[in-house]
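Let's learn to read aromatic rings and a ligand site together. Take a look at the structure first.

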Amino acid sequence: MNLYSTNNKNLRVSFKEAVFNSFPADKGLYMPVEIPQLPKDFITNIKNYSFREIALEVAQSLLGKDIPKKDLKEIINDAVNFDAPVVPLNDHLAVLELFHGPSLAFKDFGARFMSRAMAYLSDAQDKVLDILVATSGDTGGAVALGFLGVKGTRVTILYPKGKVSKIQEQQLTTNGQNIRAIEVDGTFDDCQALVKEAFNDPELNETLRLTSANSINISRLIPQTFYYFHAYAQAVKNEKTEIVFCVPSGNFGNIGAGLLAYKMGLPVKHFIAATNVNDTVPLFLKNGTYLPKPSVQTLSNAMDVGNPSNWVRIMDLFDLNIEEVRKTITAYSFTDQNTLEGIKELYRKYNYIACPHTSVAYLAAKEYNHPEDYTIFLSTAHPCKFIDVYPEDLKTQIAIPEQVQRLDDKKSHAHPIKNNFEEFKDFLLGS
Ligand SMILES: *Cc1c(COP(=O)(O)O)cnc(C)c1O
């Protein structure tokens with residue numbers, strides 16, 4: 001796979017370069033020069049393929065020139081080690097559950113594949129790869145658990161003291177091995193600023209082999225296409241054909257992957273983008289003006305994004321043509337009050353407990369209201385990660401998965417620092 005920058009279509013970089021340097025220097029985003037088309041008979045027979053077989057076929061069409069099939073197969077079998085089931089709610093509505101991985105959020109797909117791709121693409125003589133991540137919650141857990149035990153890598157996660165949920169903190173701090181957590185006496189923005197400063201520090205860059213696990217990294221996007229194909233396969237098996245995907249969106253990486261799958265030949269009828277009140281994209285599709293704004297805190301906090309970083313990728317997929325985008329994507333936004341009502345309604349009507357992000361997607365699926373279609377809305381996290389959101393009677397109904405039960409027995413190791421770059425730098429150099 002060769003890639004260009006959305007800011008310079010003449011640029012050419014290899015997959016390897018795009019993996020280790022998430023961003024082109026021109027501040028665009030990497031996009032594949034060619035979007036491969038999957039063989040027709042693969043799509044026709046897809047219902048006979050397992051999730052891993054589907055993932056391998058899709059990965060091969062994208063990365064077949066970069067990674068030999070037998071190695072790709074090993075990476076996939078290791079990365080895709082949990083299912084993404086489509087759970088029907090009724091004849092025209094279903095949930096695609098993406099939260100059965102180690103951190104209980106869909107970001108596990110991206111993080112597990114990225115970690116293995118990075119380890120594979122490193123040369124034997126390379127120094128240990130030092131991955132720095134700032135997190136407000138979900139990304140850090142997925143990255144920590146995605147890289148846990150991956151040879152040749154070491155992860156340092158910065159999180160804001162007192163600002164992540166209990167489960168999220170446990171996921172960041174109980175790993176040991178090659179994962180280190182730093183508790184910063186500051187905000188998420190402070191954490192991000194410290195990481196940014198580290199990448200600009202000559203001494204650190206000379207001493208360490210630094211990289212980021214940024215959510216816009218192409219190796220996080222690719223594995224997210226796999227479950228769209230797998231969900232389609234499950235729907236077809238269930239004799240459904242007019243498939244609509246509804247995606248709860250923040251940075252628009254998840255729906256971006258769905259649209260990439262669509263451009264590779266996945267027969268999807270329509271996409272729905274669901275946001276909370278951080279509604280930059282719904283407003284853009286309505287008014288035609290893209291106006292980024294400061295993010296607003298909501299119950300679906302992993303989608304609190306006022307300037308979605310992957311939106312330029314989506315515009316690029318549609319050659320910057322807003323009319324074409326509108327034909328394929330409809331976007332809706334919802335308030336926190338709507339979100340809570342959605343949670344209650346899902347429970348009342350379908351006996352289903354959804355996380356707040358998933359509830360936003362459910363509401364958008366309902367709003368779109370094309371009963372002749374089969375609408376699959378994506379469930380991006382397990383509800384137990386957001387337990388404080390639920391009314392008491394629902395709280396007690398939420399099953400606690402084994403991944404979380406195990407956390408309580410583990411020791412927490414966080415290294416506390418002030419919001420101070422020298423302290424952070426000493427930590428990085430001193431170990
Ligand atoms: C990150 C995240 C989202 C938003 O995904 P994007 O790819 O940023 O649009 C939605 N739900 C959950 C639970 C998340 O962690």
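Predicted model: local features only at pLDDT ≥ 70, side-chain atom pairs only at ≥ 80, totals over all residues.

Q: How do I describe a pair of aromatic rings?

A: You use the distance of the centres and the angle of the planes. This structure holds 17 aromatic pairs. Take phenylalanine 284 and tryptophan 311: their ring centres are 6.0 Å apart and their planes are at 80 degrees, so we call the pair edge-to-face.

Q: Where in the chain do phenylalanine 284 and tryptophan 311 sit?

A: They're 27 residues apart, and their pair links distant parts of the chain. Phenylalanine 284 belongs to helix H12 (residues 280-287), while tryptophan 311 is in helix H13 (residues 311-317).

Q: Are phenylalanine 284 and tryptophan 311 buried or exposed?

A: Both phenylalanine 284 and tryptophan 311 are buried.

Q: Which residues form one aromatic cluster?

A: That cluster is made of Phe51, Phe82, Phe109, Tyr227, Tyr228, Phe245, Tyr262 and Phe271.

Q: What sits over the ring of phenylalanine 318?

A: Look for the charged end of lysine 263, 4.2 Å from the ring's centre. Likewise, arginine 209 has its charged end over the ring of phenylalanine 20, 5.2 Å from the centre.

Q: Which residues come nearest to the ligand?

A: Of the 15 residues around the ligand, those are Lys107, Asp138, Gly250, Asn251 and Thr380. Lysine 107 has a polar side-chain atom 2.5 Å from a ligand oxygen atom. Phenylalanine 252 uses a polar backbone atom instead, 2.9 Å from an oxygen atom of the ligand.

Q: How much of the ligand does the protein cover?

A: The protein covers 95% of the 380 Å² of accessible area that the ligand has on its own.

Definitions and conventions. Residues numbered from 1 in each chain as written. Heavy atoms only, no water. Phe/Tyr/Trp six-rings, centres within 6.5 Å; stacked < 30°, edge-to-face > 60°. Helix = DSSP H or I, 4+ residues; strand = E, 2+ residues; numbered from the N terminus. Buried < 20%, exposed > 50% of the residue type's maximum accessible area, 1.4 Å probe, protein only. Lys NZ or Arg CZ within 6 Å of the ring centre and 35° of its normal. Near = heavy atom within 4 Å. Polar contact = N/O pair within 3.5 Å; in protein donor to acceptor, adjacent residues only side chain to side chain. Areas by Shrake-Rupley, 256 points an atom, 1.4 Å probe, with all protein chains shown as cover.
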